[in-house]
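Subject: Structure handover

Hi,

Here is the structure I promised to pass on to you.

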Amino acid sequence: MPQSESALLSDGPFTRFDAEVLVALYSNITIEDDQGTHFRLVIRDTDGSLIWRDWNFAAEAGVMLNRFIDSDGIPRTAS
């Protein structure tokens, strides 16, 4: 369960479904290094430079990903 209202991922590992939801919501989040059962969720800036990435199975994967999504996520559409 996410720790805060704005958290989109749990603090720990996340599923492919969770990642695909974020990819659909944000223009600068992608799934990379896809190995089938595991993959990295990657956040890049507008120039394509890496901001943050983590494997979906990492113990605290969602902690930093949520932090960077909150500060650097670029929504696909303005709300």
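D33 and R40 form a salt bridge, with their closest N and O atoms 3.1 Å apart. This is a predicted model, by the way, so please read everything below with that in mind.

R44 pairs with E32, where the closest N and O atoms are 3.2 Å apart. Since R44 belongs to strand 2 and E32 to strand 1, this pair ties together parts that are 12 residues apart in sequence. R44 is partly exposed, with a relative accessible area of 25%, and E32 is also partly exposed, with 23%. The remaining bridge joins the side chains of D34 and R16, at 2.9 Å from N to O. It links distant parts of the chain, as D34 is in the loop between strand 1 (29-32) and strand 2, while R16 is in helix 1, 18 residues away. D34 has a relative accessible area of 44%, which makes it partly exposed, and R16 is partly exposed as well, at 26%.

Now for a charged residue without such a partner. D54 is buried yet has no salt bridge. The nearest side chain of opposite charge is R40, and it is 7.2 Å away; a salt bridge would need a nitrogen within 4 Å of a carboxyl oxygen. D54 lies in strand 3, which spans residues 50-55. Leaving out residues up to four places away in sequence, D54 touches F14, F39, R40, L41, E60, A61 and L65.

Two of those neighbours, F14 and L41, lead on to the nonpolar core. The largest such core has 14 residues, and F14, L22, I29 and L41 are the ones with the most contacts inside it. Helix 1 (16-25), strand 2 (40-44) and helix 2 (61-72) are the elements that give two or more residues to this core. Helix 2 gives the most, with four residues. In soluble globular proteins, nonpolar side chains tend to be buried together.

Beyond its neighbours within four places in sequence, L41 is in contact with L9, F14, A19, L22, V23, I29, T30, I31, W52, R53, D54 and L65.

There is also something nonpolar on the outside. F17, V21 and L25 form a nonpolar patch on the surface, and together they have about 290 Å² of accessible area. L25 is found in helix 1 and is partly exposed, with a relative accessible area of 43%.

Finally, the overall picture. The protein has two helices and three strands, and from the N terminus on its elements run α-β-β-β-α. Of the 79 residues, 29% are buried. Among contacts with a separation of 6 or more, 42% are between residues 24 or more positions apart. The protein exposes about 4,900 Å², of which carbon and sulfur atoms supply 52%.

Best wishes

Methods:
Residues are numbered from 1 along each chain as its sequence is written. This is a predicted model: local features need pLDDT of at least 70, side-chain atom pairs count only at pLDDT 80 or more; totals for chains, interfaces and linings use all residues. Side-chain values use heavy atoms; hydrogens and water are left out. Buried means under 20% relative accessible area, exposed over 50%, partly exposed in between (1.4 Å probe, protein chains only). Lys and Arg count as positive and Asp and Glu as negative; His and the chain ends are not counted. Contact means heavy atoms within 4.5 Å. A nonpolar core is a set of buried Ala, Val, Leu, Ile, Met, Phe, Trp, Tyr and Cys residues joined through side-chain atoms within 4.5 Å. Patches are made of residues with over 30% relative accessible area and no salt bridge: like charges are joined within 9 Å, nonpolar side chains (Val, Leu, Ile, Met, Phe, Trp, Tyr) within 5 Å. Accessible areas come from the Shrake-Rupley method with a 1.4 Å probe; for residues, only the protein chains shown count as cover.
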